[in-house]
Amino acid sequence: MNGRRVKVTIPATTANLGPGFDALGMAFQLYSVVEMEISDHTTVEMMGKELQGTPTDKNNLLYKVAAGLFQEAGLAIPELAIRASSDAPLTRGLGSSAAAIVGALVAANHLAGEPFTREQLFEKATRLEGHPDNAGASMFGGIIVATMPEVPGEPIPYVRFSTPAGLQTLVVIPEFMLSTEKARNVLPQVYSRADVVYNVGHSSLLVAALAQGRLDLMGRAMSDRLHQPYRAKLVPGLNEILDKATEHGALGAALSGAGPTILCFFSSDEELEKLRAFVDRVMKGHDISYRVMILQPDEKGVQVEIHQR
């Protein structure tokens with residue numbers, strides 16, 4: 001294990017894509033980097049403004065996840081030198097916690113001599129994250145359709161396929177944080193049969209449309225009744241964007257994960273220009289500071305480099 005430094009690059013992700021609650025994920029070309037090596041004493045260095053305020057000792061998530069992997073492998077937990085950076089903002093619905101978990105697991109697994117397969121790491125990441133959508137997209141790239149296993153500890157059933165050609169994303173990031181816990185607490189415990197049937201139909205249509213490149217169906221397929229209507233009160237402007245984005249150039253729109261980031265999918269410069277103007281009117285109308293990114297899909301998933309000392 002000694003003498004090696006592992007560098008892991010992990011894509012940011014979005015989850016749900018509207019109706020696919022806790023089941024659909026997609027990876028973006030926006031990356032976090034985790035570097036890890038065995039050391040005489042543990043150090044944790046968080047680089048860049050996005051990671052400011054995160055712990056820099058053994059309470060850091062990266063260290064705790066790595067330590068857990070060594071323990072599960074039946075190995076002594078070593079002291080670790082960890083360095084991390086991220087271009088993805090935290091607590092904005094772009095899979096930052098899943099990226100950290102996947103990055104720490106993959107890095108520690110290499111340092112431990114790879115006792116676990118990539119599928120086993122995915123199962124561990126899903127167990128730690130609580131659902132497989134972000135974790136799967138970070139691990140494998142592309143679009144992931146997955147569900148929790150009926151028996152804990154069993155392999156995660158999933159399908160991965162490539163993102164349709166030409167699909168791009170205008171990512172609207174409000175300048176406020178929204179915790180996943182808060183966003184989940186506004187959801188009801190019970191849904192009507194009509195709402196459940198609605199989401200089953202729309203999520204099924206969305207998966208089929210994405211798998212076959214039917215971008216023309218995305219606008220209708222991305223409608224949701226399970227989480228977005230309830231989270232809209234936490235994200236000013238969300239309702240207007242979900243309702244009207246397709247009239248202003250979007251192929252479809254959705255809340256990214258638990259929010260507050262909003263996604264508007266498009267495929268041409270003309271659509272993008274109309275979308276930018278529309279989003280700006282909506283956000284300014286709610287007096288919300290925000291920034292935008294134009295992101296391409298990531299098809300590679302987590303990438304590993306090994307450096308010998």
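Before I start, a reminder to myself: two strands count as paired if DSSP finds at least two bridges between them. I also keep in mind that this is a predicted model.

**Entry 1: a pair of strands**
I looked up β7 (residues 168-174) and β9 (residues 262-266), and found five bridges joining them. The two strands run antiparallel. For one example I picked Gln-168, whose bridge partner in β9 is Phe-266.

**Entry 2: the whole sheet**
Next I asked myself in what order the four strands of the open sheet stand. I read the order as β8-β9-β7-β10, with antiparallel pairing. β8 (252-255) and β10 (290-295) are at the edges with a single partner strand each, so one side of each has no neighbour in the sheet. I noted that neighbouring strands are turned against each other by 20° on average, direction ignored.

Then I checked what packs on this sheet, and it was helix α10 (residues 269-285). Helix α10 touches β7, β9 and β10, and its direction makes about 15° with that of β7.

**Entry 3: two helices**
A handy thing to remember: two packed helices are described by the angle between their axes and the distance between the axes. For α2 (residues 96-111) and α4 (residues 132-140) I wrote down an angle of about 50° and axes 9 Å apart.

Which residues make the contact? From α2 I listed Ala-98, Ala-99, Val-102 and Val-106, and from α4 Asn-134, Ala-135, Ser-138 and Met-139. Sorted by class, the contact has six nonpolar residues, two polar ones and no charged ones.

Note on methods:
Residues are numbered from 1 along each chain as its sequence is written. This is a predicted model: local features need pLDDT of at least 70, side-chain atom pairs count only at pLDDT 80 or more; totals for chains, interfaces and linings use all residues. Side-chain values use heavy atoms; hydrogens and water are left out. Axes are lines fitted to C-alpha atoms, for helices over the stretch in contact, and angles run from 0 to 180 degrees between N-to-C directions. Contact means heavy atoms within 4.5 Å. Ala, Val, Leu, Ile, Met, Phe, Trp, Tyr, Cys and Pro count as nonpolar, Asp, Glu, Lys and Arg as charged, and the others, Gly among them, as polar.
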